Amino acid sequence: MKLLHYWRAMWGIIWRELWRFVTQRERFISALVRPLVWLFVFAAGFRAALGLAITPPYETYILYEVYITPGLIGMIQLFNGMQSSLSMVYDREMGSMRILMVCPLPRWFLLLSKLLAGTGVSVLQVYVFLAIAWFYDIQAPWQGYLWIMPALLLSGLMLGALGLLLSSFIKQLENFAGVMNFVIFPMFFMSTALYPLWKIKESSALLHNLAQYNPFSQAVELIRFALYGQFNSQALIYTLLAFSVFMAAAIIGYNPSKGMMMRKGGA
Amino acid sequence: MNSSIALSVEDLSFSYSGKKALSHVNFKIKPGECTVLLGPNGAGKSTLFSLITRLYDTREGRIELCGFDIKRQTLLALAKLGVVFQQTTLDMDLSVMQNLRYHTSLHGMGCKQAEQRIREELERLNMYDRRFEKVRQLNGGHRRRVEIARALLHKPSVLLLDEPTVGLDVPSRLSIVEYVHRLAAEEHLAVLWASHLIDEIYPDDHLIVLHKGQVKANGTVDDVLKITNTPTVKDAFYTLTQGETA
């Protein structure tokens, strides 16, 4: 009976999030426009400027568009994770978060359900993006489209957990602009999303180290390898570890007796 | 565990970074009782509600809902609680039905039971015909009705309402006040109603006057009038809060 309660609640939270996403057409379109602009404009412009050597998982020379596609998938999930945290701050300010927090289920479970719901939305966005990219001649082996699913789930959970953690620190909606400047942009640009590690190393050893240990890089590599039917164990372990750390910290952040809620004086 | 007490608050204190928001608050509410928590803005009403709903941690004192300690038996205690918050907590882009279904899923209800409970609660408030309308299309009074219906779906024993009539027109306000009083009597529900509007108090109500985080009076309306030696609740309130208007 108890298990059924958990199942129904989780499904209710996921359904609500998916429904909201599908019915908010502007959000759906803008979530797609961002990576598509990068793919059609930025990548096309840089195609000539950036020469890429053959690096795993690629077995031949590739176009720059092909290289950044996994990075843009990561970008979709990064923005979605942050958008989910933005909606948590909004929900907290508007009060609807309270309805979730006063239901008789453990808080960690509610947060995990929220996270799964957000990840579900990002996976949906990624597949639509991949479908458009396929028509643009960026095509991975068909098995890659299946292998990428578990990778997307893990990377989505990791980035969502980071968003959740940030949302437990953010007091007001206005403070969210800081997240853009201090989290999203550094995380995205200091990663392997746009350029491979060896290329970064040529310019700066420090940047190379930062990019290497950036959890977003590892998530992108996990996606990149999965899309070509390959398994990157290092990226998997690193992403899994990052998820565990972010999630544990977020749960503490939302715990009324330990977390940030007490200091903020708001829920 | 005393089952004749629906909500018990014992020696409850709470501070925000050293500033006392509640100080040694004590009161009990029985099933079927409608208790109005009266206090000016900043009296500590919302803090008290945040503690009862476990949004804040209880560090000093104890809160029990139907005998379950909110800190140690959180989930059992929360299952007994229905809440209407001061701000609207409905999702504007979802229909009435979708909002209520979300709530029933959070409380683990199956489809059939959920449908039945939603129908019962909405019919009581004459809102069943509007169940497929988006919340955004409803006026303030109807949104509040939906929130009250939602708070009752899982059949709680204690209903908390945090200034639910703020911003409503007079007819909507009167109908909600009347409905909640009827609920307490007919459903044997313990109601704690935070307000700063004196005309929402019925003569049979219990009254708790909270001022600067302290309980200044606790009893029936008659008791409070006797203690303060005043003819009206308004005067009593004025005396207890030393000139601060409600």
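Colleague: What volume does the second largest cavity have?

Modeller: The model is predicted, so local features need pLDDT of at least 70 and side-chain atom pairs count only at pLDDT 80 or more, whereas totals for chains, interfaces and linings use all residues. A cavity is a set of points, on a 1 Å grid over the protein atoms alone, where a 1.4 Å probe fits but cannot get out, and lining residues have an atom within 4 Å of a point. Grid points are joined across faces, edges and corners, and a volume is the space filled by probe spheres set on the points. For the second largest cavity that volume is about 90 Å³.

Colleague: Which element provides the largest share of the lining of the second largest cavity?

Modeller: The lining includes Ile99(A), Val102(A) and Cys103(A), together with residues of chain B, among them Leu81(B), His103(B) and Arg150(B). Helices (H or I, at least four residues) and strands (E, at least two) are DSSP runs numbered from the N terminus. The largest share, three residues, comes from β6(B).

Colleague: Which element gives the most to the lining of the largest cavity?

Modeller: The search of the whole structure finds nine cavities of 30 Å³ or more, and the largest has a volume of about 130 Å³. Its lining has 17 residues, with Gly81(A), Ser84(A), Lys114(A), Leu115(A) and Gly118(A) nearest the centre. Helices α3 (64–94), α5 (107–135) and α6 (142–169) of chain A each contribute two or more residues to this lining. The element that gives the most, with seven residues, is α3(A).

Colleague: What percentage of the residues of chain A count as buried?

Modeller: Chain A has twelve helices and zero strands. Buried means under 20% relative accessible area, exposed over 50%, and partly exposed in between (1.4 Å probe, protein chains only). Of the 267 residues of chain A, the share that counts as buried is 56%.

Colleague: In chain B, which strands stand at the edges of the open sheet of four strands?

Modeller: The sheet has the order β2-β1-β4-β5 (chain B), with antiparallel pairing. Two strands pair if DSSP finds at least two bridges between them. Strand β4 (residues 60–65) and β5(B) pair over two bridges, and Glu64(B) stands opposite Asp69(B). Each edge strand has a single partner, so one side is left without a neighbour in the sheet; these strands are β2 (19–29) and β5 (68–69) of chain B.

Colleague: Is Lys212(B) buried or exposed?

Modeller: Lys212(B) lies in the loop between β9 and β10 of chain B, strands that pair in the antiparallel sense over six bridges. This hairpin has two residues between the strands, and Lys212(B) takes a positive phi near 50°. With a relative accessible area of 58%, Lys212(B) is exposed.

Colleague: Is Glu163(B) buried or exposed?

Modeller: Glu163(B) is placed in the loop between β7 (158–162) and α6 (170–187) of chain B. Its phi is near 45°, a positive value in a residue other than glycine. With a relative accessible area of 7%, Glu163(B) is buried.

Colleague: What distance separates the C-alpha atoms of Ala6(B) and Lys28(B)?

Modeller: Ala6(B) is found in the segment before β1 (7–16) of chain B and counts as buried at 2% relative accessibility. Leaving aside residues up to four places away in sequence, Ala6(B) touches (heavy atoms within 4.5 Å) several residues, including Ile29(B), Lys30(B) and Glu64(B). Ala6(B) and Lys28(B) are 22 residues apart along the chain, and their C-alpha atoms are separated by 7.6 Å.

Colleague: Which conventions apply to the numbering and the atoms?

Modeller: Residues are numbered from 1 along each chain as its sequence is written, chains are lettered from A and ligands numbered from 1 in the order in which they are written, and side-chain values use heavy atoms, with hydrogens and water left out.

Technical notes:
On a 1 Å grid over the protein atoms alone, a cavity is a set of points where a 1.4 Å probe fits but cannot get out, and a pocket is an open set with protein on both sides within 12 Å along at least five of seven lines; lining residues have an atom within 4 Å of a point.
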